[in-house]
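Please go through the model below in questions and answers.

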Amino acid sequence: MIITLCGGGSTFTPGIVKSIALRKDELDVDEIRLYDINEERQRKIGVLVDWILHEDLGLDIKLTVTTDKKTAFTDASFVFAQMRVGGYAMREQDEKIPLRHGCVGQETCGCGGLAYGMRTIFPMVELIDDVEKYAKKDYWILNYSNPAAIVSEGCRVLRPNARIINICDMPIAIIDVVCAALDIDKKDVEYDYFGLNHFGWFTSIRHKGEEVLPQLREYIKEHQILLPDSYLKGMGSLMAKKPEETADEHPEQNRHTKGSWYYVWKGEYEIMECFPEYLPNTYLNYYLQQKEFVEHSNPERTRANEVEETREKNLFDGIDHYEKTGEIDESTFYAGSHGDWIADLAIALKNDTKQRFLVICENKGAIPNMPYDAMVELPAYIGKNGPEVISRDNIPLFQQGLMMQQLNSEKLVVEATIEGSYEKALKAFTLNKTVPSMKVAKEVLDDMIEANKGYWPELK
């Protein structure tokens, strides 16, 4: 049993590998392979992964670190895809170019997400073709490369028969926060949800069968933020200044209270004050409060810079320290729900458990008042044949209207990428809710074309 991580140089790789390793018996895993085009970055991650597997856990799982696709995929049963095309340098452009024009600067939402999607569609198709060529015939690709909505639509159009399941861990991260806020065990929680990726709503959250959304609404209203009390310790000084100015003053604070994260969780309160029926995905802040997010964003220091200065720096500094001294600090790498959820999904596929997961899939009538071919995000039972999606009734007009606007923006950008169409790209940017006008859309698009030379197809 071979599992390959595509994007092996990711800072999330150590945590995912640990989650796989801890489920060694359920997955029957014999070998883990790391595959990346950035050889030196992946080599360093490989050093930490080797320590996790063979020293920390003392397992006999073989580790292969490679930049060769044939070596990476031959006879693999699972491929976990986490590619970031263009790295953090291009993420920074995705965030800063829109902000220069007064638009939301975010890596998966708005103009930044459209740009990132245009870079990622063809590399994902290439990955599918390589896996199809070398891997086992009953392979599964578990794709959590962003922007998942656009990537999944591109795969639907270009490789409709691929054995790929597109997923996102943000709803899981939200549930983690909800459970911490309400002091309940997430193992006893089941939820209902609908939407597009990074564009959806929790309609029910049940703990041991009891609905807790009313209790959660009260918590959010009282605290004026969706964060647990345990996360909010030391927030006094953070409220006195802009969060990004205090990031280094209080390293003990939970990462969700630092920098731009603070506004995301504050936004949950602000949205639910207006629309209390459902709990929104945090990413809806960028669409429903686009003006406010631009106002409190720093065009010179965006989330890309925050990540590079914290998670990225801490991990690679920790690896350098280990290589020099042989001492390792486990706190430098992240391990938790993200990796657990992906590994558990692989177990459900392999062992036909019919466990319930949230996945991105072709609608096919599951939401009756959304298009048949829309790539929607819904709960599904996962077994050896893939997702069995749980259908639902028509969704309300407000949510349906927002989803249709976002869906059509994403479909247009996929068509623009495939056809090399400037006009369709401009329509995609113009239609996106984070963009105030056609003129601004054109200005952003033209700057994005310049920044993405070598990544995007030529648009005519």
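Q: How many helices and strands does the secondary structure of the protein come to?
A: This is a predicted model, in which local features need pLDDT of at least 70, side-chain atom pairs count only at pLDDT 80 or more, and totals for chains, interfaces and linings use all residues. Residues are numbered from 1 along each chain as its sequence is written, and side-chain values use heavy atoms, without hydrogens and water. Helices (H or I, at least four residues) and strands (E, at least two) are DSSP runs, numbered from the N terminus. The protein comes to 18 helices and 13 strands.

Q: Why does the protein count as being as compact as a globular protein of its length?
A: The globule rule is 2.2 Å times the number of residues to the power 0.38, and the radius of gyration is taken over C-alpha atoms. For 460 residues the rule gives 23 Å, and the protein is as compact as a globular protein of that length because its radius of gyration is close to this, at 21 Å.

Q: What percentage of the residues of the protein count as buried?
A: Buried means under 20% relative accessible area, exposed over 50%, and partly exposed in between (1.4 Å probe, protein chains only). Of the 460 residues, the buried share is 58%.

Q: What is the geometry of the aromatic pair of phenylalanine 78 and phenylalanine 80?
A: Rings of Phe, Tyr and Trp (its six-membered ring) pair if their centres lie within 6.5 Å; planes under 30 degrees apart count as stacked, over 60 as edge-to-face and the rest as tilted. The structure holds 13 aromatic pairs. In this one the centres are 6.5 Å apart and the planes are at 65 degrees, which makes the pair edge-to-face.

Q: Are phenylalanine 78 and phenylalanine 80 buried or exposed?
A: Phenylalanine 78 has a relative accessibility of 4%. For phenylalanine 80 the relative accessible area is 0%. Phenylalanine 78 counts as buried, and phenylalanine 80 is also buried.

Q: Which residues form one aromatic cluster with Trp201?
A: The cluster holds Trp201 together with phenylalanines and tyrosines.

Q: Which elements do the buried residues of α7 pack against?
A: Helix α7 spans residues 148–158, and nine of its eleven residues are buried. Among them are Ile150, Val151 and Cys155. With contact taken as heavy atoms within 4.5 Å, the buried residues pack against α6, β5, β6, β11, β12 and α16.
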